Amino acid sequence: MSNISQATAVSIREAVDKHSLHGHFADLEQQREAAKLGMWVFLATEVMFFGGMITGYVAYRDAYPAAFQAGSVHMLFVAGTLNTALLITASLFVALAVHAAREGRRKALIGCLAISMFLGVCFLGVKGYEYYQHYLDHKVPTRSFQWDGPDPRHAEMFFVLYFFLTGFHALHMVIGISILGFIIYFAYKGRYTPEYHNPVENAALYWHFVDIVWIFLYPMLYLVGHTHV
Amino acid sequence: MFPLWPISASTMSGQVDALYIFLIAVTGTVTALICILVLVFIFRYRHSKHPVAEQVTGSIPLELTWSLVSLGIFMIFFLWGANIYVAEATPPKDSLQIYIVAKQWMWKTQHENGEREINALHVPVNRDVRLTMISQDVIHSFWVPEFRIKADVLPGRYTTLWFRANRTGTYHLFCAEYCGTLHSGMLGKVVVLDDAKYQQWVSGGGEMGSFAATGQKLFQQLGCANCHRFDTQGRGPNLVGVYGKPVLLGSGRSVIADDAYIRQHILNPGSKVVAGFKPIMPSFQGIVTEDQTLSLIAYIKSLATPEQREPVSNRPPVPKSAGAPEVQ
Amino acid sequence: MFKSDMTEKVAPKKMYILIWAALMCLTALTGGISFINLGSWSTVVAFLIATAKAGLVVTFFMHLRYERQRTIWIWAAASAIWLTLLIVLTMGDYLTRGFLRVPGK
Amino acid sequence: MATSPQLESSSSTDYLNAEYGVKSWLLTTDHKRIAILYLASITFMFCIGALFALIIRLELLTPDGTLVEADTYNKMFTMHGLVMIFFFLIPSIPAVLGNFLIPLMIGAKDVAFPKLNLLSWYIYLFAACMFIYTILTGGLDTGWTFYTPLSTSYVSSSVVLGALSIFVVGFSSILTSLNFIVTIHRLRAPGLTWGRLPLFIWASYATSVIIVLGTPLIAISMALVALERFFGIGFFDPQLGGDPLLFQHLFWFYSHPAVYVMILPGMGVISEIITCFSRKKVFGYWSMALAILAIAVFGFLVWAHHMFVAGISVYSALVFSFLSYLVAVPSAIKVFNWTATMYRGSLYLTTPMLYALGFIGLFTMGGMTGLFLASLGFDVHVTDSYFVVAHFHYIMVGGMVTAFMGGIHFYWPKISGRMYPETWGRVAAAIIFIGFNLTFFPQFILGYLGMNRRYWHYLPQFQVLNVLSTAGASILGIGYLLPLGYFAWSIRYGRRVGNNPWNAAGLEWTTSSPPPTHNFGETPIVTWEAYNYDELPKDIDMRREETVVQH
């Protein structure tokens, strides 16, 4: 370590709000790396959390391909595709928000996050509309579930999986939107600097992860019914 | 005073006992070796006798040796156990077929001659017996310790177990998978009879006619025969000679018409419709019990008994291109 | 350690737009292909496209490409590997059931 | 916590007397205090679980079920299993010794996320309260395995609440493990490379990996069971088109590796104890460390060996049996290496060492019978019998609890600053060893004879062995009560000790006992390998009040 680097470290430490550095970390860099690693480890947990349901999906789809295909016909393809586009765009703005945070452009940071939040809310709106349509269509797997085609039991299983998977995903969306709300609040308060914006990065990682889950759910649920396998 | 070794009453139990003795011998030797080493070290290297430790930090050859030797021994355990397991999983042909239906908390056994028993199973000695088992409610497990065999009895799916008893007597039948309040009361007995007594026992029962006959009666009552006619004119496939053969499905794949397929087709007809037929069959889920389903299967199976001539069939032949039959 | 080293290499803004465009194209592609009957290849193609999209998000949006902590690479890989293990070993059971033609074996 | 570390830790204040009052404990973010909070709460849960065990063993004194009703008995073994596994064993060494030791061993001031650490404890507390509420409102009788469709459609007890408390407690262990992983990666003292880490750190890391990647599966399977039961929507129930074996796959994907969550940290502690009281470096450091990682990874690939008779395919069973033998190799390596570590050492038979020696014996027994169970043909006969019960109690009680007791004794001077009474300690260790073997060895014989697990009444010819087992259990109970007594005594009356009463290696022994709030006066710089007993005093003088700090 040279004197310059120590001087730099000291100057950075002085520059930031004293709340940014927690006592048990040696410096901001260590704290930042720890926070980021923690988030990635958490995402690994999340992958496995969805993994249980995805395994169920794979096992049942393999066993009852026809029923799953017939169930997928009732998906609203346009709504699902629109939602995919919405989430990808939201992800873009979250990525741009991190970019803005790194460069210390507060207004851009807040603006990008606000757009992402808005797109996320739109996603949930579309999702809610779909749920409502399935409800009208008697496709919610409760006693009111109705099925005309063959093999109603396993077609219902498709809808059980559909509601579990998209429901858990929507729950993650709600959490993600709330987190973005907090980030916007703290960004407005001027909490983040080019040196310290771990929460922005971690919120973004979480948001991208939720996006990735949807990227897989989209073909699993919406794209099975178009062709006859 | 108290038993230390269970009675051995089937061809499998001798094999399992041999493996057990081998396992005890090998692991017992190694465990004893470790314990003796530990005791010797305690005695020789205790601080009062050996005040200064000598730093021995490792020995790659030694570690490799005991790792590879362990692995080698483990592979013997694996292969021996696997050998027995595969034998247990493959029932010999021409076994005596018996059906088991388990429910909370009793065992119902159904012989092909129509004899039915509750919490009891009479079998002949020195004869292969094959059990086709299903549960009406939760998971149970069929265990006869004296035979050293066990298999879970699942709801919604048939499982199989086979044994060949080689010692007459009465043995314990336990439910081994926890199944609710009276799990420990779900007991039965397996009575192994010599040939003469078994013949006597068999002739004593069966006033209902054979199990297949029960199934035939049900086949008529439920109206199955209206569509599944014994000629080529039925709206459903002719079932003569279908059992155990591959059938072509509408999806182009083929499937073996075994117990599992027939059961699935009775309860959930839409899932795998035979090629050339419309999915018009109603589901019998909730209408037929597991016992009745088994009797229908027994009946359809009896239809497969080849008479001399080729059976009439209105099913499309399975083309070679259909490839390997789909597995259930 | 100069300051330029302490913060990560920053990707240009243009790149994010490009990745976004690629993701949108892939979405259109997978949606379109789903109307073409490819037999059992449909599932494979849909899965490959989804994996490619997820790969783009992880690599660029989540900055894995610029990540200097090896540990994060390992954890990102581990989650994918463990999920694969779960699915492969579970399906190993489902797909081989009935090979022996003995129910329940 | 933004204060400069240099100003902290004058010699008189330690983490125990830095602050006083209930609030200072309940709002603490100090990893050592959180460890104490965990110690208190898991001890409480252990007592509840032990009470259930007591009722089970008393019931089994007679073959015909005279003490309690069948339903009560079923609830007892279900809740014994759930309490002991999820509320005692899984948090025991990881959350108590892990929390206390990991930052000390790697020379950090705290774990990476101290607030998250406290939150984990509160989640644990919340889940424990939920589960106690479940117990008080009737309990549940699904068996700890929650097998469907029994749990979702048949039993009438409070399954939803019970399953949800397991769901919640999972998050506690996930967050703790996440914390440990980041701490071990990012907060090691300068010079403390991976090759210099104590094996306890390796073990804690591997454990954390298992928890982070496995626990979501138990969480999701519990959530699905609760949803299926609550809303009647089918996922596992064959009546509704599901497959009950899918539940078993998801359940065991976590619950088998969970066994390694229970045993790996125990292995770590044993490595610390054996090296210290042999005054030697560990035999084969790298093979020990890699064996830990191998167990963690391979441990994930063997789960279906719980399902050999459950109706999985024969091919699948063959693969899982084979993989189960592969995971046995690193376990065998560890036992051999511990034994080799004692070779030409200079052994002190202190209480922790007695526990460690007991651990080697009992873990070997448990591991060897695990080889029996991995052998397919043999497993078919004994699975779901008392053979399995005996096997996993040898691993979990004989292995994990013994290691936990050894670890608590070994680190008690560091935790409390005082020494426990050595003679009582040795007596208790001997009683536990004898009681344990008497309790569980007869169960191997019972299992092969054909006695089912989870049986409320049993065949009369099994009674003698069951009476032996119950007799052993009462001895074991006394063995566990003794330490509770003398640890409580020693908090007030125990002899004060210096930094390093055992002359043990490792950073945790360089700071004062009990350590100050921020652990180290200044960040230590490590220049030595792990277990550098060649550079430490040859003797342990356990009578001495102060110890000169080495290094």
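**Chain B and its contacts**

Mentor: The contact between chain B and chain D takes 74 residues from chain B and 74 residues from chain D, where two residues are in contact if their C-beta atoms, placed from the backbone, lie within 7 Å. This is a predicted model, in which local features need pLDDT of at least 70, side-chain atom pairs count only at pLDDT 80 or more, and totals for chains, interfaces and linings use all residues. Residues are numbered from 1 along each chain as its sequence is written, and chains are lettered from A and ligands numbered from 1 in the order in which they are written.

Trainee: Which element gives the largest share of the side of chain B that touches chain D?
Mentor: Two or more residues each come from helix H1 (11–44), helix H2 (60–89), strand S7 (149–153) and strand S9 (169–175) of chain B; helices (H or I, at least four residues) and strands (E, at least two) are DSSP runs, numbered from the N terminus. The largest share, 18 residues, is supplied by H2(B).

Trainee: How many residues of the side of chain B that touches chain D are nonpolar?
Mentor: Ala, Val, Leu, Ile, Met, Phe, Trp, Tyr, Cys and Pro count as nonpolar, Asp, Glu, Lys and Arg as charged, and the others, Gly among them, as polar. On that division, this side of chain B has ten charged residues, 20 polar ones and, as the nonpolar count, 44.

Trainee: What distance separates the centres of domain 1 and domain 2 of chain B?
Mentor: Domain 1 (1–205) and domain 2 (211–322) are given by the domain assignment of chain B, with bounds that come from an automatic or database domain assignment. Taken over C-alpha atoms, their centres are separated by 36 Å.

Trainee: Which strand supplies the largest share of the side of domain 1 of chain B that touches domain 2 of chain B?
Mentor: The contact between these domains takes twelve residues from domain 1 and ten residues from domain 2. On the domain 1 side, strand S1 (96–103), strand S2 (106–111) and strand S5 (128–135) of chain B each supply at least two residues, and the largest share, three residues, comes from S2(B).

Trainee: Is chain B a compact globule or more spread out than one?
Mentor: Chain B has seven helices and twelve strands. Its radius of gyration, taken over C-alpha atoms, is 27 Å, well over the 20 Å that the globule rule gives for 328 residues, the rule being 2.2 Å times the number of residues to the power 0.38. Chain B is therefore, relative to a compact globule, more spread out.
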